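Subject: Structure for your review

Dear colleague,

I am handing over the structure below, followed by an account of what was found in it. Please read the notes with the model open beside you.

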Amino acid sequence: MALTDEAITKIRGMIQSGELPPGARLPTEQQLSQEMGLSRSGVREAVKVLEAARVLVVRRGDGTYVTSLAPRLLLEGLGVAVELLRDDTLLEVMEVRRMLEPVATGVAALRITDADVDRLGEILEDMRGAADDAERLIRYDAEFHRTVIAVTGNETLTSLLDGLSGQTLRARVWRGLIEGGSSGVTLNEHEAIYRALSDRDPLLAQASALIHVNTSESWLRTVLAAAPRQPAP
């Protein structure tokens, strides 16, 4: 593992320095081994790790290339990680979302176009029509928030918040809201966000998003408190 870690560090350094820019083809395994003074097995394992992290892509019969290094690609694994988190850590995820999403929504209010407003209105109508259908609400809810954050034009932020708002997290919140008869309240919060964005009011958009995230966090706490305790491993 020590040799693999060293090889990962050296390849990463070559990428960060610009020696291997996005889209560049890596030298052969033998060449890298000689340049780094490491075993071929260490280099091979390093490439596997960086491929899993979406930093490298191996094209069979062609070679190994640096990916685009786009945020959506590199942060893709975040959503998978969130799905595996235990209940107490999910609340930490909601806290991070509370720190980021309202501010991002305020920024979106300054950058939103008429076409974006129209699209959000359509999604909101879809949500209203699916008020008692948890699966559809989960899908439309994700689309609503992804559309809002995408308006910021910040791909890193969009990918990060998308990963933090995993399907399991949304499912627990929405099922709790529906069972508790409070889905209408949360739908109204989405409408408040929509109206603030339509008015291009960043402060109101930020405040509306904060209220909404707080509602989701509160319901998640309620759902988790009611869930049976799992025995410690």
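**Charges over rings**

R139 lies over the face of Y140, at 5.1 Å from the ring centre, where a charge counts as sitting over a ring if NZ of Lys or CZ of Arg is within 6 Å of the ring centre and within 35 degrees of the ring normal. Likewise, the charged end of R59 sits over the ring of Y65, 4.1 Å from its centre. Aromatic pairs number zero in the structure, a pair being rings of Phe, Tyr and Trp (its six-membered ring) with centres within 6.5 Å, called stacked if the planes are under 30 degrees apart, edge-to-face if over 60 and tilted for the rest.

**Basis of the values**

This is a predicted model, in which local features need pLDDT of at least 70 and side-chain atom pairs count only at pLDDT 80 or more, while totals for chains, interfaces and linings use all residues. Residues are numbered from 1 along each chain as its sequence is written, and side-chain values use heavy atoms, with hydrogens and water left out.

**Salt bridges**

Side chains of opposite charge can pair when their charged atoms come close. With a salt bridge taken as a side-chain nitrogen of Lys or Arg within 4 Å of a carboxyl oxygen of Asp or Glu, the count comes to 16.

One of these joins E76 and R54, whose closest N and O atoms are 2.9 Å apart. Because E76 lies in helix α5 (residues 76-83) and R54 in the loop between α3 (40-52) and β1 (56-59), the pair ties together parts that are 22 residues apart in sequence; helices (H or I, at least four residues) and strands (E, at least two) are DSSP runs, numbered from the N terminus. E76 is partly exposed at 43% relative accessibility, and R54 is partly exposed at 37%, on a scale where buried means under 20% relative accessible area, exposed over 50% and partly exposed in between (1.4 Å probe, protein chains only).

A salt bridge also forms between D114 and R200, with the closest N and O atoms 2.8 Å apart. D114 lies in helix α7 (residues 114-129) and R200 in the loop between α11 (183-198) and α12 (202-226), so this pair ties together parts that are 86 residues apart in sequence. D114 is exposed, with a relative accessible area of 54%, whereas R200 is partly exposed at 33%.

R146 and D162 meet in a further salt bridge (3.1 Å, N to O), which links R146 in helix α8 (residues 134-150) with D162 in helix α9 (residues 155-164), 16 residues apart. E29, R40 and R44, for their part, are linked in a network of salt bridges.

**Nonpolar cores**

A nonpolar core is here a set of buried Ala, Val, Leu, Ile, Met, Phe, Trp, Tyr and Cys residues joined through side-chain atoms within 4.5 Å. The largest has 39 residues, of which M127, F144, V148, W174, L197 and L220 touch the most other members. At least two residues of this core come from each of α6 (87-111), α7, α8, α9, α10 (167-179), α11 and α12, and α6 gives the most, with seven residues. A second, separate core of 18 residues includes I8, I11, L50 and V55.

S17 is found in helix α1 (residues 2-17) and is exposed, with a relative accessible area of 55%.

Kind regards
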